[in-house]
Amino acid sequence: MLDSAPKFQRAQRIDGIEISQIVQIAEAAAQMRSEGHDIVSLSTGAPDFPTPDFVIQAAHQAALDGQTGYTATAGTNALRDAVAQEYGAQRANVLISTGAKQVLSGAMMATLNKGDEVIIPTPYWTTYSDIVTMAEGTPVTITCPMEQGFKLTPDALDQAITPKTRWVMLNTPSNPSGAIYTKDEIQALAKVLAKHPHVWVLTDEIYEHLSYVPFTSFTAAAPELADRTLIVSGVSKAWAMTGWRIGWGVGPEPLIRAMAAVQGQITSGTCSIAQAAALAALTGDRAVLAERLELFDSRRKLVVGGLNAMQGITCPEPDGAFYVFPNIEGLMQKGGFATCGEACDWLLAKAQVAIVPGAAFGLPGHARLSFAYSPEDLTKGLSRMAEAISKLR
C-alpha cells in the first residue's frame, strides 16, 4: 500500500503558508461586501487601468493566426529575444514563466538544498520567505527600518552571510515600501558580495517602470556580478497585465537551464497567447507607461499627504511602485491596539477601509496601502480613515 502520510503532512504545511494576512484581509472585506457594506479596499497590488488596446489586439491576432499550441518550455524565441534586448543579454539567458512568482519558485527549487540560507531584507513581499521555506531552504530576514529607508546596508549584509548562504533577495522598487536602491547603494552591496563568491543575487525588478526617481538595474550597477545574478520581472504591473501571467528571469545560462528543467515538470511552456501579448507590450509604444506613471505619481502624493495629516501615522514618500508603507505605531498607541493587525481590523470594521498590516511583510508597526485605485476611491478611503481616527479617545 502506498504510504501517502508524508505527502499529506507536507501539503498541510504548504496550505498553511498560503493563508496569509493579505488573504485574510481580502476575504474579510469580501464577506463584508456580501453583507451589504460599502468597503473601500486599498489592499490589492493590481493597477486599476486596463491592459493597453494594442496588447489585446496582438493577442487576438495571435489566436486568429493559430498560435494556440504548446511553446518551448523556456518561452517563444521572439519573446525571449525581446526580453534579452531589454537587459543586453542573449536568448539563452532568458526564461519565460507563468508570472514572476514562478520565476522565484523555479530559482529556489533549482538551487536550494535543505538548510541552505536565503537572506531577505525586511519588509519583504511575503511570497519570498514562503517560497524559500517550501523549497526547504531557511529564510534569514534582516530588519530594514523606516529610518534607513527600508533598505539593506552593506554592514548588515556582511554580518548575515554564512557558509550556508545561497542567495540574497532584493526588491527594487520594493513591495511594500516603494524603496529603490540607488546605483551607489547597489555598488556598496556588490563590494560585500564580491568577498563571498558562493552567494548569488536575486533582484526582483517587477516595478522598474513605476519609478518616480531614477532607477538602476542591479546588473547595470554591478556588471561584475552578472554571472551570479538573476533578474526577475514581467509585464504584470506596468502594463496592467496581472491576469495574463507573464514573468521572466534573466540570468546565467546554466541557472536558466536548471530553472527550465524545473518548470518543464510543473507547467511546461507559458500560455502562447499571453506570450504574444507580452511581446506586443515590450515592442510597442511605451507612451502609455509614461502617462500612467504620471497618474500614479499624483495618487502617490494624494495618499502620502492624506496619511501624514492623520494623528498617529507617519508616511514616507515612496520612490517607486504603487504602495505606501506608513508607520502606524502612534495609531496603535492611541487606540490601544496590541498589534498592527488589530489596528487594521479596527479600520476595516469602523472605517470600512481594507489595508494590510505590516506584520504580513515582516515589519510590524506598519501598514501597506496601495494607491493603484481611482482618486475617488483613494479620497473616500482616506476621508473615512481620518474620520474614524479622529474619534479615537
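Let me start with helix α8, residues 183-194. At 1.5 Å a residue, its 12 residues should span 16 Å, and the end C-alpha atoms are 16 Å apart, so expectation and model agree. The model is a predicted one, and everything I quote today is computed from it.

Staying with α8, the buried residues are Ile186, Leu189, Ala190, Val192 and Leu193. They cover an arc of only 155 degrees around the axis, and therefore they sit on the same side of α8. What do these buried residues pack against? The partners are α7 (154-160), β5, β6 (200-204) and α9 (218-221). On the face turned away from the buried side, α8 carries the exposed residues Asp184 and Lys191.

Next, two threonines in loops. Thr216 is found in the loop between β6 and α9. Is Thr216 buried or exposed? Its relative accessibility is 18%, and the cut-off for buried is under 20%, so Thr216 counts as buried. If we leave aside neighbours within four places in sequence, Thr216 is in contact with Tyr181, Lys183, Ile186 and Ala221.

Thr172 has a relative accessible area of 3%, so it is buried. Again leaving aside neighbours within four places in sequence, the contacts of Thr172 are Ala179, Ile180, Tyr181, Thr203, Asp204, Glu205 and Phe215. For a sense of distance, Thr172 and Met32 are 140 residues apart in sequence, and their C-alpha atoms are 34 Å apart in space.

Now the empty space. Rolling a probe the size of a water molecule over the atoms shows where such space is left. Searching the whole structure gives three cavities of 30 Å³ or more.

The largest cavity holds about 90 Å³ of space. Which residues line the largest cavity? They are Pro121, Pro123, Tyr124, Tyr128, Phe150, Met169, Leu170, Asn171, Ser174, Ser177, Ala179 and Tyr181. Strand β5, residues 165-171, gives the most to this lining, with three residues. Sorted by class, the lining has nine nonpolar and three polar residues, and no charged ones.

Last, helix α14, residues 340-351. Here the same check applies: 12 residues at 1.5 Å each should span 16 Å, and the end C-alpha atoms are 16 Å apart, so the two agree. The buried residues of α14 are Cys340, Gly341, Ala343, Cys344, Trp346, Leu347, Leu348 and Ala351. Just after α14 comes Gln352, which takes a positive phi of about 55 degrees.

Note on methods
Residues numbered from 1 in each chain as written. Predicted model: local features only at pLDDT ≥ 70, side-chain atom pairs only at ≥ 80, totals over all residues. Heavy atoms only, no water. 1 Å grid on protein atoms, 1.4 Å probe; cavity = no way out; pocket = protein on both sides within 12 Å on 5 of 7 lines; lining within 4 Å. Points joined across faces, edges and corners; volume = space filled by probe spheres on them. Helix = DSSP H or I, 4+ residues; strand = E, 2+ residues; numbered from the N terminus. Nonpolar A, V, L, I, M, F, W, Y, C, P; charged D, E, K, R; others polar. Expected span 1.5 Å × (residues − 1). Buried < 20%, exposed > 50% of the residue type's maximum accessible area, 1.4 Å probe, protein only. Arc of directions from axis to C-beta. Contact = heavy atoms within 4.5 Å.
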